[in-house]
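Here is a short report on pockets, cores and overall build.

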Amino acid sequence: MNCIIINMKVSEMIEPKKFLEFLKDRRTIRCFKDEMISDKEIQMILEAGQWAPSSSNRQAWEFIVVKNKKMIKELSNTAIYGKFVREAPILIAIIGFVHDNPNWYIQDTSVASMNMMLMAWALGIGTCWIGSMDRTEAKEILGVHQDNFLLTILPFGYLRKEKPSPPGRKSLDDITKVIE
Ligand SMILES: Cc1cc2nc3c(=O)[nH]c(=O)nc-3n(C[C@H](O)[C@H](O)[C@H](O)COP(=O)(O)O)c2cc1C
């Protein structure tokens, strides 16, 4: 095992309690301002995806940034519970290469999507994980080969309304089992 004993915390970059508060503070956002987010912010969101862990560090993914308003509207029509996607100034489609990564393309791309969502939140940018959509149609619009996996299209934009209040969570007792 490649482990050296060192006398420091793994990461001293973020105060843990603040980080937990940050995770709890993130909300799904469905109302976006009609204002482009900056290239620097887009770059940081993409880098957050780039640095996500992946199986064997395969990174068998592609992130497609869509700024074209016509295409954003077309893609919003493929989202069954996501017509609000058309309000966003940009979308990022997350693609997994199924042939290069047949066992883990869902997990790898999912992890990358979460990194991007959290980075966006840190920048004051909202997003929503779009699950229900016509992926065949969306891939057609994006020019993505049908063999590849379209995980989601994440809309990104500044918040047009107040952040929604948090939907409840099941209690930890209900979702946790401890084996001593
Ligand atoms: C796999 C997945 C699929 C989702 N699909 C949709 C969707 O199609 N449309 C939508 O409006 N929200 C979608 N959501 C967002 C959830 O509704 C939201 O995360 C959940 O209600 C909890 O709210 P929160 O993110 O603010 O904590 C999805 C979230 C996940 C993780």
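H4 gives the most to the lining of the largest pocket, with four residues. Helices (H or I, at least four residues) and strands (E, at least two) are DSSP runs, numbered from the N terminus. This is a predicted model: local features need pLDDT of at least 70, side-chain atom pairs count only at pLDDT 80 or more, and totals for chains, interfaces and linings use all residues. Residues are numbered from 1 along each chain as its sequence is written, and side-chain values use heavy atoms, with hydrogens and water left out.

**Pockets**

A pocket is an open set of points on a 1 Å grid over the protein atoms alone, where a 1.4 Å probe fits, with protein on both sides within 12 Å along at least five of seven lines; lining residues have an atom within 4 Å of a point. Points are joined across faces, edges and corners, and a volume is the space filled by probe spheres set on them.

| Pocket | Volume | Lining by class |
|---|---|---|
| Largest | about 380 Å³ | ten nonpolar, one polar, one charged residues |

The lining of the largest pocket includes Phe-19, Phe-22, Glu-47, Trp-51, Asn-115 and Leu-118. Helix H1 (16-25), helix H2 (39-50) and helix H4 (105-122) each give two or more residues to this lining. The second largest pocket is lined by residues including Lys-24, Arg-26, Arg-27, Leu-118 and Arg-169. H1 and H4 each give two or more residues there.

**Cores**

A nonpolar core is a set of buried (under 20% relative accessible area, 1.4 Å probe, protein chains only) Ala, Val, Leu, Ile, Met, Phe, Trp, Tyr and Cys residues joined through side-chain atoms within 4.5 Å. The largest has 23 residues; Leu-75, Leu-91, Ile-130, Leu-142, Leu-150 and Ile-153 touch the most other members. Strand S1 (61-66), helix H3 (69-76), strand S2 (90-96), helix H5 (135-142) and strand S4 (149-158) each supply at least two of its residues. Leaving aside neighbours within four places in sequence, Leu-150 is in contact (heavy atoms within 4.5 Å) with residues including Ala-93, Met-133 and Leu-142. A second, separate core of 20 residues includes Ile-37, Ile-45, Ala-112 and Tyr-158.

**Overall build**

The chain has six helices and four strands. From the N terminus on, they run α-α-β-α-β-α-β-α-β-α. Buried residues make up 38% of the 180 residues.

Definitions and conventions:
Ala, Val, Leu, Ile, Met, Phe, Trp, Tyr, Cys and Pro count as nonpolar, Asp, Glu, Lys and Arg as charged, and the others, Gly among them, as polar. Buried means under 20% relative accessible area, exposed over 50%, partly exposed in between (1.4 Å probe, protein chains only).
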